[in-house]
Amino acid sequence: MGRYVVRRLLMMIPVLLGTTFLIYTMAWAIPGDPFASRCGQRPCSDAFVAAETERLHLDKPLPVQYAYFLGNMAKGDFGTTSNGQTVLEATEKAFPITVKLTVVAITFELVLGIGIGILAALRRGGYLDGFFLFTSLVAISFPSFVIGFVLQYLLGVKLGLFSVTVGSGAPWGDLILPGFVLASLSLAYVLRLTRASLLETLQADHVRTAIAKGLPRGMVLRKHVVRNSLIPVLTYIGADVGALLGGAIVTEGVFNIQGIGGLLYHAMRIRENATVVSVTTLVVLIILLVNLLVDLLYARLDPRIRYE
Amino acid sequence: MFSKKTEELGKPEVDENQPLLRVRDLSVVFRTREGSAQAVNKVDLDLARGQTLAILGESGSGKSVSAKAIMGILDMPPAEITSGTIEFRGKDLLTMPEKERRLYRGQRIAMVFQDALSALNPVYTVGEQIGELFQVHRGLSRKDSKKKAIEMMDRVRIPGAAARVGDYPHQFSGGMRQRIMIAMAIALDPDIIIADEPTTALDVTVQAQIMELLAEMRRETGSGLILITHDLGVVAETADVISVMYAGRTVEHGPAVDVFANPAHPYTVGLMESMPRLTGAGDRLYAIPGLPPSLLNIPAGCPFAPRCPRAEDICRQDPPPPAVQLDGIRYAACHFAEEVVSHGIH
């Protein structure tokens with residue numbers, strides 16, 4: 001187990017190098033002048049361009065630039081944003097907001113996704129089952145920005161139940177609606193996965209054994225059906241945590257949330273490559289770590305799985 | 001809350017003077033998209049304390065379905081019990097409310113399943129799975145039920161029980177897993193143990209050990225054993241009474257000794273002849289020609305007639321009398337039962 005973790009951690013190094021190089025290359029490969037909007041309405045002075053070119057090593061070949069970038073990163077220098085903040089500071093401010101949004105979204109997935117999934121499986125073929133199979137299909141079919149705008153308009157603007165945008169500091173109350181929108185796609189998958197997994201487990205031989213042992217129906221369901229059928233569901237949700245922590249560019253855009261997604265979106269628009277590359281690297285790292293945790297969790301949930 | 005819980009603990013009261021198990025006229029139909037399959041057709045079964053009843057038959061003969069009906073673990077739907085009674089000590093299990101019926105499972109009637117690997121829950125330790133019986137039915141604490149689990153594992157002779165109580169089913173060999181199934185079945189000292197092909201999934205060398213263990217446990221607990229199998233060798237060694245099933249019906253029933261020595265139904269004769277023997281080496285192994293009928297469409301006359309070497313026109317037209325009595329103690333559902341007993345089928 002310990003060896004397995006060490007091996008997985010070591011495997012992250014080439015993955016991180018590969019992804020950062022690709023992101024770095026692609027960020028600079030986008031055509032356009034990196035100084036186009038740096039100096040307000042006027043073109044930047046030659047002295048500024050020369051200084052910046054020197055600072056960012058823009059006159060060197062790409063691999064050399066990348067090597068400088070890695071070197072700086074190793075020293076803990078992740079670059080600065082255009083408004084003078086270091087990228088690290090900007091990330092430190094944005095990340096807690098994304099974490100909060102993720103917590104809200106995952107709560108929806110866990111409570112509604114699993115809850116309704118179980119209910120639908122137990123009432124298989126009933127009205128409730130049919131209704132949620134249909135709504136989950138709708139959620140899967142629509143892009144999240146459509147769901148976002150529609151709910152923002154109906155629940156926020158028309159009914160005034162939720163605030164339309166998220167205030168500074170992202171209070172929990174403001175995050176309910178965006179959290180739901182962010183969760184909607186995964187919520188639908190979690191619901192369907194739970195339902196299917198439960199229906200399969202209900203047919204399992206060991207459930208028949210549990211009934212033959214004279215266990216009460218509720219206990220058979222809780223202990224021998226739900227527990228077993230949630231293994232794939234929790235693995236899916238675990239992987240989703242990683243994806244959500246990486247920032248939700250669209251949802252954060254729709255609700256004006258200043259999280260990782262918003263930071264990336266803004267940086268990409270004004271071609272702040274240092275920020276884009278650094279933040280993306282961080283996101284990749286988070287996803288890798290969360291995936292490792294999910295794999296370890298999987299082994300905890302299913303004793304048949306052992307990592308050597 | 002507390003008083004309600006204690007009410008549900010312990011075995012349901014029964015009248016010990018009534019017969020242990022009395023199944024009459026049991027019919028089970030499976031409703032499928034292709035039609036209704038008559039899986040069990042008017043079956044009678046009796047089991048006394050300390051007795052071993054073997055239900056013999058091919059797959060699809062209805063032997064497992066009958067056992068599941070007795071146990072109350074049929075999936076309904078698609079299954080439906082269309083007629084009959086299953087009386088345990090005089091109480092009809094079929095008309096009993098599910099709440100009460102549950103208390104018979106595990107405590108009065110317990111079951112050993114065929115494939116222990118899939119019949120055990122992969123995510124709980126074997127100790128937890130044996131122990132939960134004591135928690136639910138005896139109200140024991142987690143700690144005490146674990147002790148009980150170790151005790152049960154010792155009783156079915158699992159080496160190092162105390163060390164292995166925390167292991168998961170996949171960490172045991174097939175034979176050991178089946179021992180755990182048996183430990184669960186005898187845990188609450190049931191009156192009836194139903195073993196549904198308990199050795200089919202095991203190596204031949206382990207099969208004998210498991211059968212020996214089952215017989216030993218039956219002797220120790222004094223319970224009745226229903227052994228469902230297609231293995232005649234197993235039956236010959238352990239059964240007191242044999243019921244032979246074919247296409248959902250009991251075709252022959254009687255003391256094991258008599259049925260073995262002198263079968264009264266041509267199907268039983270065929271089964272005996274298809275058993276490998278040590279004598280007569282060099283002969284081809286006999287196989288009953290043809291296949292059992294589809295349960296969706298059982299022929300009008302005797303269901304075995306199309307495969308029966310003894311069949312005459314009457315067999316194809318009229319169903320045989322369900323129980324031709326022979327020697328006062330055995331029955332066969334055959335027009336020619338008496339002749340088969342006295343002259344064989346050839």
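B:V257 sits in helix α11 of chain B, which covers residues 256–261. The model is a predicted one. B:V257 is partly exposed because 13 other C-beta atoms lie within 10 Å, and a residue counts as buried only at 20 or more and as exposed at 12 or fewer. B:F172 is 85 residues away along the chain, and its C-alpha atom is 37 Å from that of B:V257.

Now take the domains. In the domain assignment, chain B has domain 1 (48–73 + 94–239) and domain 2 (256–343). Their C-alpha centres are 32 Å apart. Where the two domains touch, eight residues of domain 1 of chain B contact seven residues of domain 2 of chain B. On the domain 1 side, the elements giving two or more residues are β3 (52–56) and α10 (232–238) of chain B. The largest share, three residues, comes from α10(B). By type, this side of domain 1 holds six nonpolar residues, one polar and one charged.

Next, the strands of chain B. Strand β1 (residues 21–32) runs antiparallel to strand β2 (residues 35–47), and nine bridges join the two. One of the pairings sets B:L26 against B:V43 in β2(B). The link between β1(B) and β2(B) is a hairpin of two residues.

β1(B) also pairs with strand β4 (residues 79–88) of chain B. These two strands run antiparallel as well, joined by eight bridges. Here B:L21 has B:F88 in β4(B) as its bridge partner. In a regular strand, side chains alternate between the two faces of the sheet.

Key
Residues numbered from 1 in each chain as written. Chains lettered and ligands numbered in written order. Predicted model: local features only at pLDDT ≥ 70, side-chain atom pairs only at ≥ 80, totals over all residues. Helix = DSSP H or I, 4+ residues; strand = E, 2+ residues; numbered from the N terminus. Domains from an automatic or database assignment. Nonpolar A, V, L, I, M, F, W, Y, C, P; charged D, E, K, R; others polar. Pairing = 2+ DSSP bridges.
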